[in-house]
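Please open the model in your viewer and keep the selection panel at hand. We will begin with the whole chain and then move to a single residue.

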Amino acid sequence: FFSGLPLLSFVSMSTAKSIETVGLRHESKSEHERRVALVPSDLKELCGGSPFSLVVQPSPTRCIPIKDFEEVGAKVSADMSECDLIMGIKEIPMEELIANKSYLFFSHVIKGQPYNMPLLKKIMDLKSNLFDYEKMTNDRGVRVVAFGKQAGQCGTINAFHSLNHRLQALKEANPFACCKQAKEYPNFVEAKADLVKAGEAVMKDGLPNSLVPMVIGVTGRGNVASGVFDVLGVLPNLKEWTPAEMLKNIKAGNYDNKTIYKVVMDAGELYELKENPDPAAFTFAAFGAAPESYTSAVPRFLPHFSVFINAVFWKNEFPKFITKEGLKTLWESKQCRLVVISDVTCDIEGSVEVTVKSTLPDMPSFVYNPVTQDAVDGFEGEGVVIMAVDILPAEQPYESSCAFSGALKPLFPALLKADFSVPFADLQLDPVWKRSCIVYHGELTPDYEYLKPHLAQHA
């Protein structure tokens, strides 16, 4: 028996008053998905308090052996029907859903995504509860359980892997030849060690002329960006410029071929008022109230970037950072120095409109031709290499799972103690959990009623 698992809440509303049995499912959406929401060491610590039984589905891909779960008392079974709460990472295929359960996973429905409206409708039809990790936030709206940092780490490692292979394809001098894909490393420590080697090679022999000055543009300063900075920070020859310093120094020729420059854009360096582009005039409150009054500042800086790492949250109503037309114009001007885009956020045709598709770890990148708008898998051909793996943390599944589980562990007991037989308005549940509840007893909760038109159109 175990007690308290803070991450998911899908309880059988018609039969279960509380969560007595928790199920950890096999990730069946993709063969590349190897993560797990709760690791055995944390499950062991959760013993005591409100006891619960644990059922774990066998999995040929999970990063942690099934025996490790058995050693902490789990029952191994493909059958989840006895579980009150069924939790996973990615979306559960509709044919695997069971009526009158509570579910916890990344549902990808909160933006009204058309492709997942049938999934949402099915959960509602089954009179179940849906909790979503993505909406587990504190009082300031900050997510408290996430894979963001690991996504940023893997996305940055993969950016250098893409740069390595692109330079190979172009037959250019390549100081990044040691840089592999994140999934090829046993841990982040070894990945960083190779990046140190690459930096030392640049310091010794310099960069190819086409990369001088080598500027890496990064969007945001949040959780995802913290992972980007963690990896970039090991470069022995890294220097940071503000966007304004970049423009000034490049114009004056104040750079060299043995330094890698980092430029971070956030707030007023990402978005600027159409009537007043001064970054000092930007406030998040004003932007959130009227995003249509703003445009993106990124196009002013984009001509100078060699690598662009997109690591900031974005909504459909926000201005795009890179548009298809904008990149086409830049490309045709012969002033485009952009070699690699690592789109960690991976919103298809979103903030980076040229991310025309997501990719998987076995083919992480494609070359996008700004003129023809063709996308060709791999690293060869005319255009810009785009890395758009949408399950980046799965490339380092063990470290990602441990970090995620550690954040979830202190929250889980509150979920187990809740009485799910009462109406939602009367549900006594930690606000972190209550904010994450999208469906309760088969109905959209008040904060998510805005999804009704999306359901009507796409479900």
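**A tour from the chain to one serine**

Begin by selecting the charged side chains: the chain has 46 positive ones (Lys and Arg) and 56 negative ones (Asp and Glu), with His and the chain ends not counted, and the centres of the two sets lie 2 Å apart, when each charge is placed at NZ of Lys, CZ of Arg, CG of Asp or CD of Glu. Keep in mind that this is a predicted model, in which local features need pLDDT of at least 70 and side-chain atom pairs count only at pLDDT 80 or more, while totals for chains, interfaces and linings use all residues. Residues are numbered from 1 along each chain as its sequence is written, and side-chain values use heavy atoms, leaving out hydrogens and water.

Colour the chain by accessibility, and 55% of its 459 residues count as buried, meaning under 20% relative accessible area with a 1.4 Å probe, protein chains only.

Now select S401, which is found in helix 11, residues 397-408 (a helix is a DSSP run of H or I with at least four residues, numbered from the N terminus). Is S401 buried or exposed? At 0% relative accessibility, S401 counts as buried.

Then display the polar atoms around S401: its side chain reaches the backbone nitrogen of V36 at 3.1 Å, and a polar atom of that side chain lies 2.7 Å from the backbone oxygen of P397. Finally, select R35, V36, V39, C63 and F147, which S401 touches when residues up to four places away in sequence are not counted, a contact being heavy atoms within 4.5 Å.

Note on methods
Buried < 20%, exposed > 50% of the residue type's maximum accessible area, 1.4 Å probe, protein only. Helix = DSSP H or I, 4+ residues; strand = E, 2+ residues; numbered from the N terminus. Polar contact = N/O pair within 3.5 Å; in protein donor to acceptor, adjacent residues only side chain to side chain.
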